[in-house]
Structure formats: C-alpha cells, structure tokens
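Reader: I'm new to this structure. Could you walk me through how to read its features?
Author: Gladly; let's look together.

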Amino acid sequence: MIFLPKLEKIARRVEEIQQEISNPDVVKDQAKYQKLMKELAQLRPIVEAFRRFQKVRAEHEHAAQALNETGLDAEFKALYQEETAKLAEEQKAIASEIESMLLRESDPNASRDVILEIRAGTGGEEAALFAADLFRMYTRFADEHKLAYEVMSSSTTGRGGFKEVIFGVNGAGAYSLFKYESGIHRVQRVPETEASGRIHTSAVTVAVLPEVDESEIALDPNDIKIDVFRASGAGGQHVNKTESAVRLTHIPTGLVVSCQDERSQHKNKAKAMRVLRARLYDANVQKQQQEQAKQRKEQVGTGDRSGKIRTYNFPDQRVTDHRIGLTLHALNDILDGHLDPLVQALEQSEKERRLTDVA
C-alpha cells in the first residue's frame with residue numbers, strides 16, 4: 001500500500017495524543033484538551049481501518065500460501081481459492097475506505113462545522129421557493145447523518161420561499177459532507193404561478209463556509225459597527241416592539257451580516273459574529289485559491305461559487321452535476337435529502353485527482 005508510511009505516522013500520532021490527554025496538566029488546559037480530542041476523533045477511525053487492513057492482509061497472505069502448498073486435494077484447493085478471493089476483495093474495499101479518510105484528513109477544513117448560505121437568484125418568487133426546497137433538502141441530509149443544524153438568519157417571502165436563509169450544521173464530518181454544495185443550483189420546472197404550463201429556469205446560490213473559532217479569526221471591536229433594529233416578519237407583537245435584530249458591518253472589508261431570528265439581541269449578535277468570522281475566513285481562502293488558479297481548476301471541492309454546478313430538472317425527474325457529468329434520475333429522492341450518491345461520486349472524483357498529493 002502506497003500510503004503505508006503516512007498511515008504509520010498517523011498511528012504514532014494517535015498514540016502521542018492518547019498519552020497527552022492522560023496528562024493531568026493537559027486536562028486542566030481545556031482549550032488544548034478539546035483540540036487534542038478533536039484531532040483524536042478525526043485520526044482514530046483511520047488507524048482503526050488501517051489495523052483492519054493489516055489483519056485482512058495477513059489473513060490473505062496466509063490463505064495464499066496455503067493455496068500454493070503441494071498435495072492439496074481438489075476440495076481444499078477450492079476452499080482456499082474462495083477464501084483468497086474473498087479476502088482480496090475485502091482488502092480492496094478497506095483500502096478504498098482508507099483512501100477516502102486520508103482525503104478528508106488532508107483537507108484542513110475536514111473536521112470543521114459549516115455555515116450554509118442559500119440565496120434566491122434569477123427567477124423571482126420561483127427562485128425563492130426553490131431556495132426553500134434546498135433548505136429542506138440540506139436539513140434532511142443533516143438529519144440522515146445525525147448532524148445538528150440551527151437557523152441563524154432568514155428572509156422569507158409571502159409564498160413560503162426564502163430570499164435568503166443562513167444556517168449552521170454541526171457534527172462530525174459536517175464540512176466533508178457539505179463542501180461540494182457551493183455554487184449555482186439551477187432548477188427547471190413549471191412554477192405554481194405559471195398558468196400556461198411553460199417551464200421556467202431559475203437559480204439559487206449556495207455558499208458553504210467552514211466555521212472558525214475566535215482564536216483563528218481575531219476581530220477588533222473597533223473594526224465592527226453594530227446596529228440594532230426591530231426584526232421584521234413572523235414573531236407577533238414582540239417583533240414590532242423590541243430592537244432584537246443585529247447588523248454587523250466589518251469596516252475594513254465592508255462585509256455586512258444581519259441576524260434577527262432570535263428574540264435575544266445577545267444571541268443574534270453571537271450568531272452574526274460566527275457568520276462574520278466564517279465569511280472572513282472564506283474570503284482569505286478564496287484569495288489564496290485565486291492566487292493558485294491552476295490548482296483551483298483541478299479540484300472539485302474548492303467552493304468556487306461563480307459557476308453553475310447542478311441542474312434539477314422536474315419534467316424529466318433528473319439531477320445533473322455538471323462538474324463530473326453525473327446524471328441521476330432520482331430528483332424526488334435527492335430533494336428528500338438523499339444526497340449520498342452525489343457526495344460519494346464527487347468525493348471519488350476529487351480522490352482520483354488528489355491521491356498522489358496525500359501519499
């Protein structure tokens with residue numbers, strides 16, 4: 001296996017972390033302890049898969065040696081042939097699993113939570129309704145993978161659509177599962193408001209931002225202008241009487257973040273700060289990727305939001321991912337949150353390009 005040196009290095013690192021977290025001084029330092037536990041949670045599954053691979057490989061070698069022994073009768077030879085083939089397939093499957101794990105581990109954002117921003121684009125009310133469809137799709141996908149989510153900000157339309165909705169997804173593997181969703185999502189269908197039955201094309205933009213903590217993106221209070229205002233939309237009289245909504249303006253970059261979904265001004269401010277940090281981090285990443293344009297074009301998961309990535313065609317019940325040329329005739333299933341076939345295909349495509357980089 002070409003990854004043997006890297007896997008052995010990861011195994012040694014897991015042993016080091018286990019020793020560190022048993023040190024009382026490290027336990028007292030909660031920031032360091034939590035960081036080590038997060039790293040351990042990311043690396044331990046790789047080591048466990050590596051151990052399984054080693055066990056199966058040893059069993060395969062033993063069966064192969066037995067098969068080559070002289071004097072075997074036909075019945076035993078057939079049994080060893082069957083066992084050797086079975087172990088070879090199992091070895092191959094575990095190796096593929098390890099490759100995927102290494103791909104995620106090589107991504108600096110792999111273990112992060114994410115913030116998704118869905119915005120209606122061209123298409124007016126129809127685009128807003130499809131933004132609501134995508135929000136439902138992503139929250140169901142999160143549920144399938146036992147990930148938690150929370151709405152941070154939203155702006156609705158009269159017909160139940162979203163002009164914009166921002167929400168966080170938290171849990172193991174959140175970024176790895178959602179990172180391929182950044183870009184323009186196009187929908188082709190007959191809108192509810194279309195009397196003639198003519199198919200319309202609308203677009204929704206999705207941004208997937210890795211969430212960062214305060215230690216990674218330092219925000220100078222002097223660089224942030226804070227405005228409070230009365231929230232609009234559903235919420236009863238409380239919304240009209242209390243200035244609970246918060247707008248943050250990052251003066252150096254001009255970035256503006258508003259949050260109004262919570263009744264508490266303090267909670268809205270905290271959520272807005274999380275979104276602002278994520279946007280600033282993402283802006284830095286985008287700048288670095290623009291400076292390395294060639295690498296950016298070679299990778300599926302760069303988060304480039306300037307181009308169309310996927311089309312959802314309702315008349316034909318098909319979904320096409322334009323980055324890898326994959327078409328699935330399972331539109332309703334995908335919109336119900338069953339995104340795994342798309343994510344796995346995108347991951348495989350990226351893996352084929354990047355395996356030599358992580359070896």
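**Reading the largest pocket**

Author: The lining of the largest pocket divides into 11 charged residues (Asp, Glu, Lys and Arg), 4 nonpolar (Ala, Val, Leu, Ile, Met, Phe, Trp, Tyr, Cys and Pro) and 4 polar (the others, Gly among them). This is a predicted model, where local features need pLDDT of at least 70 and side-chain atom pairs count only at pLDDT 80 or more, while totals for chains, interfaces and linings use all residues. Residues are numbered from 1 along each chain as its sequence is written, and side-chain values use heavy atoms, leaving out hydrogens and water.

Reader: Which residues lie nearest the centre of the largest pocket?

Author: A pocket is an open set of points on a 1 Å grid over the protein atoms alone, where a 1.4 Å probe fits, with protein on both sides within 12 Å along at least five of seven lines; lining residues have an atom within 4 Å of a point. Here, Lys35, Lys38, Ser111, Asp213 and Glu216 lie nearest the centre, out of 19 lining residues.

Reader: In what order do the 3 strands of the open sheet come?

Author: Strands of a sheet pair through backbone hydrogen bonds, either parallel or antiparallel. In this model the order is S6-S7-S8, with antiparallel pairing (two strands pair if DSSP finds at least two bridges between them). Strands S6 (224–229) and S8 (255–259) stand at the edges, each with a single partner strand, so one side of each has no neighbour in the sheet. Strand S7 (residues 245–250) is joined to S8 by 5 bridges, and Arg247 stands opposite Ser258 in S8.

Note on methods: Helices (H or I, at least four residues) and strands (E, at least two) are DSSP runs, numbered from the N terminus.
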